[in-house]
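Work through the exercises below with the sequence and the model in view. Each task is followed by its solution in steps.

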Amino acid sequence: MSIDPSANVAATARVHPDAAIGPRTSIGEFCVIERDVKIGADCVLEPYVFIRRWTTLGDRNEISAGAVLGTDPLDKTFKGERSYLKIGDGNKIREHFTISRGTRPESVTAIGDGNFIMTSGHIAHNCIVGNDTVIASCALVAGYVEVEDRAFISGGVVIHQYSRIGRLAMIGGNTRVNLDAPPFFLYSGFDVGARGLNLVGLKRAGFPLAQIARLKTAYQTLYRSGLKLEEALVKIETGIPDENTLHLVRFIRGSSRGICRE
């Protein structure tokens with residue numbers, strides 16, 4: 001491993017000789033980079049960032065002051081074996097956020113590309129976070145949670161272990177998520193409940209009106225038709241099939257915890 005000659009490492013930073021630092025990456029004052037860490041090109045680490053062993057960052061990541069990446073899992077069964085945190089490209093992780101590596105030997109916590117992760121929260125061991133999500137300040141994401149692309153998790157949200165958040169779902173502030181939240185919908189309430197389409201998110205994502213209309217019909221079929229769950233899913237996949245409604249059906253059929261209701 002090595003530090004690329006074009007990288008900028010502050011004099012007060014401590015980078016282990018067995019770490020790899022990519023081209024044009026900047027390591028700020030008082031950062032600590034342990035052994036077996038790989039950081040890609042064009043990353044920026046502000047002062048006091050701590051990156052633990054067996055963590056990998058891709059390119060163009062911005063890590064703000066006080067963040068700690070690759071922490072040991074907050075899991076009493078953890079025995080100290082090698083496991084990983086893998087972070088993709090173009091992520092922003094703001095101040096004082098922590099992300100744990102996996103619990104079981106050789107397991108992985110995975111963060112995709114283009115995510116905006118705000119301050120003072122935690123993503124626990126073995127989570128899978130997709131691409132272009134927003135995880136707002138003080139959100140707590142427990143172990144084995146899956147978050148699909150472009151989901152929006154508001155401030156103060158707490159997500160129970162093994163829960164799943166669907167693509168372009170939006171979770172309102174201070175919500176407790178203890179069930180799966182299907183894609184494209186809006187959720188709020190202390191005990192998480194569906195509140196209609198995530199219209200703002202869908203419009204920002206460039207969904208045409210015809211697709212939004214089909215998703216609205218799917219929501220009404222799922223939550224307000226009075227049909228049993230499987231009957232509603234069959235009606236959606238046969239009556240209004242497209243890429244998004246079929247993804248919705250697959251997500252729900254793949255749920256082991258059960259889905260949020262109205």
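**Exercise 1.** In which segment is the place of Ser255? Then list its contacts outside its sequence neighbourhood.

This is a predicted model, in which local features need pLDDT of at least 70 and side-chain atom pairs count only at pLDDT 80 or more, while totals for chains, interfaces and linings use all residues. Residues are numbered from 1 along each chain as its sequence is written, and side-chain values use heavy atoms, with hydrogens and water left out.

Step 1. Ser255 lies in the segment after helix 4; helices (H or I, at least four residues) are DSSP runs numbered from the N terminus.
Step 2. With neighbours within four places in sequence set aside, Ser255 is in contact (heavy atoms within 4.5 Å) with Arg164 and Asp180.
Step 3. Ser255 and Ala181 are 74 residues apart in sequence, yet their C-alpha atoms are 9.5 Å apart in space.

**Exercise 2.** Describe how helix 2 and helix 4 pack.

Step 1. Axes are lines fitted to C-alpha atoms, for helices over the stretch in contact, and angles run from 0 to 180 degrees between N-to-C directions.
Step 2. Angles under 35 degrees count as roughly parallel and those over 145 as roughly antiparallel, so helix 2 and helix 4 are roughly parallel.
Step 3. Helix 2 contributes Gln211, Arg214, Leu215, Ala218 and Leu222 to the contact, and helix 4 contributes Asn244, Thr245, Leu248 and Ile252.
Step 4. By class, these residues are 5 nonpolar, 3 polar and 1 charged. Ala, Val, Leu, Ile, Met, Phe, Trp, Tyr, Cys and Pro count as nonpolar, Asp, Glu, Lys and Arg as charged, and the others, Gly among them, as polar.

**Exercise 3.** Describe how helix 2 and helix 3 are arranged.

Step 1. The axes of helix 2 and helix 3 (residues 229-239) come within 9 Å and cross at roughly 160 degrees.
Step 2. The two helices, helix 2 and helix 3, are therefore roughly antiparallel.
Step 3. On the helix 2 side the contact is made by Ala218, Thr221 and Leu222; on the helix 3 side by Leu229, Ala232, Leu233, Lys235 and Ile236.
Step 4. The contact of helix 2 with helix 3 has 6 nonpolar, 1 polar and 1 charged residues.

Technical notes
Parallel < 35°, antiparallel > 145°, perpendicular 65-115°, else oblique.
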